[in-house]
Structures are given as structure tokens and as C-alpha cells.
Amino acid sequence: MRLNNNVTEFILLGLTQDPVRKKIVFVTFLLFYLGTLLGNFLIITTIKTSRALGSPMYFFLFHLSLSDTCFCSSVAPRMIVDAFLKKSTISFSECMIQVFSFHFFGCLEIFILILMAADRYVAICKPLHYTTIMSRRVCAVLVAMAWVGSCVHSLAQIFLALSLPFCGPNVIDHYFCDLQPLLRLACTDTYVINLLLVSNSGAICTLSFVMLMCSYVNILYSLRNHSAEGRRKALSTCVSHIIVVILFFGPCIFIYTRPATTFPMDKMIAVFYTLGTPLINPLIYTLRNAEVKNAMRKLWKKKLILGDKR
């Protein structure tokens, strides 16, 4: 549903137009992206091959790493390539695809984080019923619902984007396509669409953050009845999750819960949650998780042994 659109492509201004700074952007974010791919690939491979990591927590971590990889890949490769170009353009169709994939995998990450919090809540607060409540079948159904819910959210974003008429300016002051910068280019009153955007993306971010923080408050409160060793292990896991939640949701809430206005720091904040968080997540979940580190060591030793036999 495209209304009177004369625009067939958009010009992306990126993070900077200065040639020297563009080279710095290229090197920096190429390293960020490669680090993200390597870290998340290691987690995905380790969980998939290790029998010791068969619990629901690692099943959800597998999908979190997968969503992180896809989420970052929806933005980073083009951003890195564009840093080489004097003038970066993106077709209308490619722009819509980027809007869909960005919101799909971003929303999927939100839902997976909620499932991970629910898993920890059941494990710590209802340990006797854990295997029954968080069975393999239940976890698979929950993840499938997360994928479907993410698709519904992204389709709603695409519907809003396609309802915008573009008949004049086509310069996006950003490094990727998103609804906020697109709203500024629409040649119509965007008040209603902006309300729908806030009620969609903004509500998902804010309500999910509140739910997650409430669940972790309940978990931390319930730890008073556990042994010292149990508290230490549970705290280590929960602190990792809380760090991820704050790093991801803080910038998202700032961007998606306000009117369609732009601030100078918006692009740098977007860099943080599109490229920074997917890079930090593998570090947090490996450096603070002894089971994952041990499984990675075993996988590495196994690879070395197989390599020596050849």
C-alpha cells in the first residue's frame, strides 16, 4: 500500500560525511561486526555440540545468540560498505526489507530475554516443578511463539512504513532505514502514525523492560531463603541477564517512546544497541558463565585432538 510515492530510493547520510572519519567508522565497525559474528557463532556451536548445555537456559541462549547475529547483520554489513562510498543510496524495497528484518530480530531478542527471565524465575523460585514447567516441549512452543510474535510486530511496522507518502526529500539522516527518520520525510501529517509507532515499538520496549525488572526483583528477593552457594550461583546468572537487559532496553526506550523528533546523539545511541549490545552479549554470557567456558574448552580440545590425528 504505497500512496503517491515519487521516491524510488533514499540517500543514507551515515554517521559522518568526513572522509577520514568514514575510514575510522569502517575499521571500527568491521571489527565490531567480526567480533559479534565470532562470539555468537562460538556460543551457537558450543551449545549445539555440548551435551552438558542441554538445559532450557542454554536453549534460550542459543536463540538469543542467533537473534543477535541476525539483528546485527540487518544493519552492520551495509553500514560498513557504505563507509567506502561517497554517496550511499538504498532502494525503496531494500529500505522496507531492512525495516522488517531490523524490527523482526530486535523484537525476537526482546521476547527471548523475557523467556530467559521466566526460566530463571521458575528455576530459582519453583525448583521442584522446574522440569515439569520448563519441559523441552514447552520451551519449543514458547520460542515458536516468540518468532510468530516478532513477525506480527514487524508486519505492523511495514504497514506503517508503506502507508507513508514520499513525494519530496529522500535524504535519511541516519545509517539505516527505520520509521523515525522515515517519518521526517513523509509529505503528510504523521501525528497518528507516530502514536501508532510509540504504541507498538515503544510499548513493547517499555512493558518488556518493566516485566523483566519485576521478575528479577522477585528472583533476588527469593534468594534470601537459599544457601550461600545457591545465592552466589543464582546471583552470577541473574546479574549477567540484568546487565544485558539494561544495555539493550535503555537505548531502545529512549529512541522509541518519544515523538518523532531527532537529537544529535540519536545515531550514536542507535550504534550502541544495533552493534554494541550484540557484541557485548557473548562476552557477558561466556565470561560470567563457568559451564559455557568449560564447554568451549572441551570443544576446543576436541578440535585440537581431531586436528592432530589428521
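Is D173 buried, partly exposed or exposed? Hi everyone, let's start there. D173 is partly exposed, because its relative accessible area is 49%; the classes are buried under 20%, exposed over 50% and partly exposed in between, with a 1.4 Å probe and protein chains only.

A quick word on the source. This is a predicted model, where local features need pLDDT of at least 70 and side-chain atom pairs count only at pLDDT 80 or more, while totals for chains, interfaces and linings use all residues. Residues are numbered from 1 along each chain as its sequence is written, and side-chain values use heavy atoms, with hydrogens and water left out.

Now, salt bridges. Side chains of opposite charge can pair when their charged atoms come close. The cut-off here is a side-chain nitrogen of Lys or Arg within 4 Å of a carboxyl oxygen of Asp or Glu, and the whole structure has three such bridges.

D173 pairs with K267, with the closest N and O atoms 3.0 Å apart. This pair joins distant parts of the chain, 94 residues apart: D173 sits in the loop between strand 3 (171-172) and helix 7 (179-185), and K267 in helix 10. Helices (H or I, at least four residues) and strands (E, at least two) are DSSP runs, numbered from the N terminus. K267 counts as buried, at 16% relative accessibility.

Next, D82 and R78 meet in a salt bridge at 3.5 Å, N to O. They are about one helical turn apart, because four residues separate them in helix 3 (residues 76-82). D82 is buried at 11%, whereas R78 is partly exposed at 24%.

The remaining bridge joins D119 and R120, at 2.8 Å between the closest N and O atoms. Both D119 and R120 are buried.

Of its 26 lining residues, the closest to the centre are M57, R120, K233, T237 and E291. Helix 9 gives the most to the lining, with eight residues.

Finally, the UniProt record (an unreviewed entry) lists transmembrane regions, including 24-45 and 235-256. In the model, residues 24-45 are 100% helix, with end C-alpha atoms 31 Å apart. Residues 235-256 are also 100% helix, with their end C-alpha atoms 31 Å apart. Thanks, everyone!

Notes: UniProt positions renumbered as here; feature names shortened; annotations may be inferred. 1 Å grid on protein atoms, 1.4 Å probe; cavity = no way out; pocket = protein on both sides within 12 Å on 5 of 7 lines; lining within 4 Å.
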